[in-house]
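Please keep the sequence and the structure in view while reading.

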Amino acid sequence: MTTWRTRFAAIVALTMFFGVIVAPPARAQGLGGAGTVQGTVKDPTGGVMQSVDVKITNPVSGFTRTVTTDAAGKYTFSNLPPQPYHLAVAAQGFQSLERDVTVRTAVPITLDLTLALAGATTTVEVVGHAEDLLERDPSAHTDVDQSLIEKLPLESSSGLNQVITLSSPGVVSDSNGFFHPVGDHAQSQFSIDNQPITDQQSRLYSNQISEDAVESMELITGVAPAEYGDKTSLVVHIVTKSGLDQPKPTGTVSLGYGSFSSPTVDVNVGGGSHRVGNFLSLSGMRTDRFLDPPEFQAIHDTGNRFSLFDRADAHIGATGTFHLNVQAARSDFDIPNTLDAAAVGQAQHQTISSFNIAPGYSQVIGAKTLFTANAYIRQDHVTYTPSPDPFADQPGTISQNRKLTNLGIKADLAYAAGNHNVKVGGTISATKLAENFTLGFTDPTVNSPCLDASGNPSDNTALTTVSQCRGGLTVNPNFNPDQLAFDLTRRGSLFAYNQAGTIKQQSAYVQDDIKAGNATLKVGVRLDHYDGLTTSTLLQPRAGVSYAFPASNTVVRASYGRTMETPYNENLLLSSGVGAEALTGTATAPPPGTRDEEELGIQQAVGRWIVADFGYFNKHTTNGYDFNVLFNTPIAFPVAWDHSRINGFTGRVNLVQHGGFSAFVVMAHTNAIYFPPGVGGVLLTPPCDAPGCSFRIDHDQKFNATTNLQYVLNKQTGTWAALTWRYDSGLVASSIGDVNDLLNLTPAQQAAIGMSCGGVPATLAAGFTSCNPASITTSRLVVPAAGTGDPLTNPARVAPRHLFDLGIGTDNLLHGDKAKLRLRFSVINLTNKETLYNFLSTFSGTHFVTPRAYQVQLGVRF
C-alpha cells in the first residue's frame, strides 16, 4: 500500500517538474478546466486589424462575450467553459465573418481570422446553421451560463444548488436545497476551477460559494470522463469569474429584502490587467425561514449566513498562470420545530464554519500541451447544540461537534493535436475526520424492555430488564440491553463519542477525445485506491461514442463507465461503529461500492431555434450508499445497502432566444430500487428487512419536470420577465405502509399530511386513533389502501405538486451609460401551494416547501 502511494506521488512530482521546467515560449493560459480561444484578425493583404470587435456566443446556454483586438490585431477569449461556440467578426468596409469552434480542452486554441473587403466576390465563410445547436460530446450534460443564473427566480437561502436543480434534467429537488442526482441520494461532486469536492454541499453540511461567483457550469449527468471519480452521478464543473483583462473594474452591489424578514446583501467586483486580475464576491443574508420546516408555518427557524469568495489570477511570464481561490463562510441557524416539539420547548441550533484555500498553476508547453496543478485544503466544522432542557428533545437529545478537513493535490497534462485531445493526470488526497457526539434517550418507549397489552412499548420507567415483563406485559423483541445505559428516563447517562480518523485516496487517469469524421469517441481508464476504514483498488474503464447525421441535424450517443463509489465522509466513523459498539453493535465499516453504468441518448435540432435531448440511463451498484437521519434532527449517517438498481430517462428541450423569448424544459423519470441488508447508519429502521426483499428508496420518483420561460420586454432598459413551473409527481414516503399506519401518527402529524376521517380533518387538538380505512383521505400524501401497500410495487408517496415562481427585473432602470441601476422582484410559490417535499422519511425526515414568498432587490451594475 505504501509502495503504491509512493510510486504515484513520484509520478505526479515528475509531471509537475516537467511541466514547469520544459516550457518554450507560448501564451499563458487560465486555470480551472476553462479554455482559451485566441488569434489574429487580418485584412486581405495580411495586415493586422486593430480595434475590431470579435464576438463569441453559445445560443443554447446564452453565453456571450465581446473583445476588441489590440494594436497587433490579436484577440483572446479566456476562462471559457467547455462547449461549442460561434465567433463573429464585423468591421466597417469588410464583409462579416463567422466561424464555429468547440472548446473541449484547456490547451489554447488558435483561430486566425481574415476579413474580405465589402463588395468583393470572395466567398464569406458563414458556418452558423441548425447543426451549431448540437453537441457531439458522448457524455450527456447541460451547459448553464451566468446569463441564465441571474434571471432564475430563486429562494434566498438555496442559491447554487437550486440553480442546478432547476436547470439540469434528472436532478430531483428535496428539502433544504438538497437534490437527488439521476436516481441517487447524493452521489455528486463539484469541480470548482479544477478543485474536486466530493463531500456534501447542501446547507445542512457546508457553505457553498455564491451563485454570483459562477461564470458558467457544465452539469454532467451521463457517464463521466475518466478524470472524474468517487461520486459521479452528477458532476458540477464550475468556472468562476475572473478579473483578468478588465482594466475598468466591473461588478454589482445589491441590497434586498423579502418575506420572513429576510434582508440580503451581495457585492461582486472584478478587475485587473492582462497580467493580474482579481474577483471578489461577498454575500450575506438573514431570515426567519432558513431551513425547510416540518410544518407549513416556520417555527423556531431563524438563521443567517455570510460568505466570502476571492479569485486571484496572475500571468507569470508569457507561459505560466498562477491562480488562487479563497473562500470563508459561516452559517448559524435554528432547527425548525414541529408543533409537537414547540409545545414542549424544543430549541436546537446548528453552526457551520467553512474555509477553502486552493492555489493552482498552469504552464503552456509549446502550442499543443498544457500542464495544470491544483492544491487545496478545505474544512467544514459543524456544531449541533441540543435544547437546554434535554427532555424537550424527543425521543432523544443529541449534540455534535465534528470537523471534516480535506487536503490534496491534482495534476494533469493535456495534449491537443489533430483529432486527439489527450489528458493524463492524478489526484492524491487525505480527508481528516474528527467526530464528537452525545446521545441520550428521553422517551421511555424508545428502548423499553416490555410491551403493554396493546403490543406497544411500555412507558413505565421502572422497567429495566425483561424479567419484569409480567402481569400483562410481554418481552419487547427490539429491546437492546446495551443501550439501557443511555436511557435518561431510566437513570442512564449520555452516550459520549470522540473519535478521529483519516481517509486517504489516490487516483490516476488517462483519457482521449477523438474526432473521426462525424464520429466522436471518448475513451479512458481510471485507477482509484481507497484507504479508509477499509481498503480497495479498482480499475475503471470509461468509453463513449457519438455520431452526427448532418442531413437531419441529429446526434446519437452511447457510453459505458465503471466507477468506485466511496462512502460518504460525514459521520462515517460513528456510522461504521468505530469505538461505538455499545450504541451501534459490532463495528462494520462498509467498503467502497462498484457501479456499472450505461447511457444512450439522442439530440435533435429543429430548425435554428429548438434543440431536444433525450437519454436512457441504467446503473447497477454493489454497496449502494444512502443516509439515515436520527430522530427529528438533520444529523445524517451513511448507510451502504447490499446493492441497488437505478434506471430511467432524462430529457431537455431548449428554445434558443428568438425575438426576445427563450425557454427550456428539463424532465426525468427514475426507478431507484435498493436491496437490504444495510450496513452503517445509527438506529436505522430499513423500509423492509425480510429475506430477498427490495424497496423503492425515497429519491425514487415517477416523473419530474421544470419549465422556464424568459422574455425580454425592453432591450434598452434590459427589462425582462421569467416564469418557472416545477412539477414533481412525489417522492416515496417509506415510513407509511398503508392507511392503517396513519392512525399511529400524532394529531400534529396527521394534520401535516391533511388527513381526514369521513371528511372531518385532523387537528392539533383532535387526531384519530380509529377510523374506517375506506373513510381515510390525505391531501398531501398518496397512501395505499389497507392491505395493499408494498415497498417495491405500491409504496406511499408525497402527493404530486405544481409550483410556480415568477421573476421580473430591469437591468438599466435609469438608462445609465456607466453605472446601471438594477431592480428585481420575485415571487416563490406563486399560488401558495401547501405541499411536502417528504414525510417521516428514514433518510431525510419531514419538510414542507416554501409558502408564497416575495423578494425585492435593488442594486447597481458598474
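## Strand 5 and its neighbours

Strand 5 and strand 6 (residues 97–102) pair in the antiparallel sense, with 6 bridges between them. Two strands are said to pair if DSSP finds at least two bridges between them; strands (E, at least two residues) and helices (H or I, at least four) are DSSP runs numbered from the N terminus. Within this pair, Val-89 stands opposite Leu-97 of strand 6. The hairpin of strand 5 and strand 6 has 6 residues between the strands, and Gly-93 in this hairpin takes a positive phi near 90 degrees.

Strand 5 also pairs in the antiparallel sense with strand 2 (residues 53–58), over 5 bridges. Here Lys-55 stands opposite Ala-88 of strand 5. Buried means under 20% relative accessible area, exposed means over 50%, and partly exposed lies in between (1.4 Å probe, protein chains only).

## Basis of the model

The model is predicted; local features need pLDDT of at least 70, side-chain atom pairs count only at pLDDT 80 or more, and totals for chains, interfaces and linings use all residues. Residues are numbered from 1 along each chain as its sequence is written, and side-chain values use heavy atoms, with hydrogens and water left out.

## Nonpolar cores

The largest nonpolar core has 40 residues. Such a core is a set of buried Ala, Val, Leu, Ile, Met, Phe, Trp, Tyr and Cys residues joined through side-chain atoms within 4.5 Å. The residues with the most contacts inside this core are Phe-333, Phe-437, Leu-439, Phe-495, Tyr-497, Leu-574 and Phe-637. Several elements each supply at least two residues of the core, including strand 23 (396–417), strand 27 (495–516) and helix 5 (572–575). Strand 24 gives the most to this core, with 4 residues. Apart from this core lies another, of 26 residues, among them Leu-148, Ile-164, Val-214 and Val-236. In soluble globular proteins, nonpolar side chains tend to be buried together.

What does Leu-439 touch, if residues up to four places away in sequence are not counted? The partners of Leu-439 are Thr-397, Ile-398, Phe-486, Leu-494, Phe-495, Leu-583, Phe-631 and Leu-683. Contact means heavy atoms within 4.5 Å.

Most residues other than glycine have a negative phi, and most peptide bonds are trans. Val-182 has a positive phi near 50 degrees. This residue lies in the loop between strand 11 (179–181) and strand 12 (188–192), and Val-182 is buried, with a relative accessible area of 1%. Asn-571 has a positive phi near 60 degrees. The loop between strand 30 (554–565) and helix 5 holds Asn-571, which is buried at 3% relative accessible area.

Two cis peptide bonds can be examined as well. The bond from Gln-394 to Pro-395 is cis, with omega near 5 degrees, and Pro-395 lies in the loop between strand 22 and strand 23. A cis peptide bond also joins Pro-676 and Pro-677, with omega about 10 degrees; Pro-677 is placed in strand 34 (residues 661–680).

## A buried glycine

Gly-730 is found in the loop between strand 37 (719–728) and helix 7 (747–752). Gly-730 counts as buried because its relative accessible area is 0%. Leaving aside residues up to four places away in sequence, Gly-730 touches Asp-700, Gln-701, Arg-797 and Val-798.

An open sheet of 3 strands has the order 39-38-40, with antiparallel pairing. Its edge strands are strand 39 (760–761) and strand 40 (776–778), each of which pairs on one side only. Strand 38 (residues 755–757) is joined to strand 39 by 2 bridges, and Cys-757 stands opposite Val-760 of strand 39.
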